[in-house]
Amino acid sequence: MSNMQQTTGYVYANELLQYRFSNDHPFNQMRLKLTTELLLDLGSLKPEHIITPRIATDEELSLIHSYDYIQAIRRASHGILNLQEAKKYGLDGDDTLQFRRMHQHSARIVGGALNLADAIMDKSVKNGCHLGGGLHHSLPGRANGFCIYNDVAITIAYLIKHYNQRVLCIDTDAHHGDGTQWSFYTEDQALIYSIHETGKFLFPGSGHYTERGNEQGFGYTVNIPLEPYTEDSSYLEVFKQTIEPIIASFKPDIIVSVHGVDVHYLDPLTHMSCTLNTLYQIPYIIKSLADTYTNGKVMMFGGGGYNIWKVVPRAWSHVFLALIEAPPPQGQLPSQWLEKWQPYATCTLPKHWQDDKENYIDIPREEEITATNLKHAQQVISWFK
């Protein structure tokens, strides 16, 4: 990739779509295809942006995952994992299923992240995104929450080991990034920040603001749990108030962020009331923080997002657009994108970038929810003063 000093990397290959549990599973990588083609049709994504993923090595996977777990995933790839092992390694339920060649397809997601990390660190690109990644639930020895290998945690460990980086992880997925948190809970080279719907009613049930790390990692885990039905203004107020003092205190070398878009009110798996307005702003806020604190070094991952037609493509497009410093688009979506995908869609596709707030319900407890969120935010802020 020549002459790419000022270029943004975009990890993509059609093989990333092979990370697929079943045809009716809510985790559907077709959302990555939809987003990529939307950016292409918009004229923003160019061939020179593409970073092709590779298969991560066992040594790289072992930065986070145990040897026996990696071997179990290999056996599951060939359908020879017994029932006892499947239960032990989190592959016996309805959420995180075994599928053919799952090791290869999962390791490719990790390899894409590491290729992007290398490109940023050797200055081939200035920043980048890996929207097919963001599998932040996977634990060191157990599959969890649709996630086999934790590409986010492995990338953080890789940046620490190979480049001696202080890494700030900003996770804005509606679900708490438990796998990433527990992977670094006793470490001080990475700070793991997660703003998410409270675990009182949502998987994985963790992420209370009192979870702050242990041993030398105490204070390097920050959780901002938000009440169900949190809407735009409360979310953005809490996010902005908490992230700035944290990044100023930690002084990272690079930011790794997770952009699950399941805080949207149309997401079928969560209970939040945000609109595209919040999802559009988040990557621009993080890009600005990177410009101020890390000399522009930032890697943005995908994550959750289960309304693949009405929410994910428009929201994730703004991740890449923020990185290339393009203004948020206005008006109608590209007609060629609408014409191509409407025949396949399970609903009428939105025709414009703006959120029409279809079926949005005003929350009667808005003031109470906002006050609770702000109370927790102030508690967290006090630790960094």
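Reader: Where is the place of Pro 228?
Author: Pro 228 lies in the loop between β6 (221–226) and α8 (232–250), where helices (H or I, at least four residues) and strands (E, at least two) are DSSP runs numbered from the N terminus. This is a predicted model, in which local features need pLDDT of at least 70 and side-chain atom pairs count only at pLDDT 80 or more, while totals for chains, interfaces and linings use all residues. Residues are numbered from 1 along each chain as its sequence is written, and side-chain values use heavy atoms, with hydrogens and water left out.

Reader: Is Pro 228 buried or exposed?
Author: Pro 228 is buried, with a relative accessible area of 11%; buried means under 20% relative accessible area, exposed over 50%, and partly exposed in between, with a 1.4 Å probe and protein chains only.

Reader: And which residues does Pro 228 touch?
Author: Not counting residues up to four places away in sequence, Pro 228 touches Glu 197, Thr 198, Phe 201, His 271, Met 272 and Ile 369, contact being heavy atoms within 4.5 Å.

Reader: Switching to cysteines, how many disulfides does a search of the whole structure find?
Author: The search finds zero disulfides, a disulfide being a pair of cysteine sulfur atoms within 2.5 Å.

Reader: What about Cys 147?
Author: Cys 147 is in no disulfide either, and the nearest cysteine sulfur, that of Cys 169, is 13 Å away. Cys 147 is buried, with a relative accessible area of 3%.

Reader: On to helix packing, at what angle do α1 and α10 pack?
Author: Helix α1 (residues 30–42) and helix α10 (residues 312–323) pack at about 60 degrees, with their axes 9 Å apart. Axes are lines fitted to C-alpha atoms, for helices over the stretch in contact, and angles run from 0 to 180 degrees between N-to-C directions.

Reader: Which residues make that contact between α1 and α10?
Author: On α1 they include Leu 38, Leu 39 and Leu 42, and on α10 they include Trp 316, Phe 320 and Leu 321. The residues of this contact of α1 with α10 divide into 10 nonpolar, two polar and two charged, where Ala, Val, Leu, Ile, Met, Phe, Trp, Tyr, Cys and Pro count as nonpolar, Asp, Glu, Lys and Arg as charged, and the others, Gly among them, as polar.
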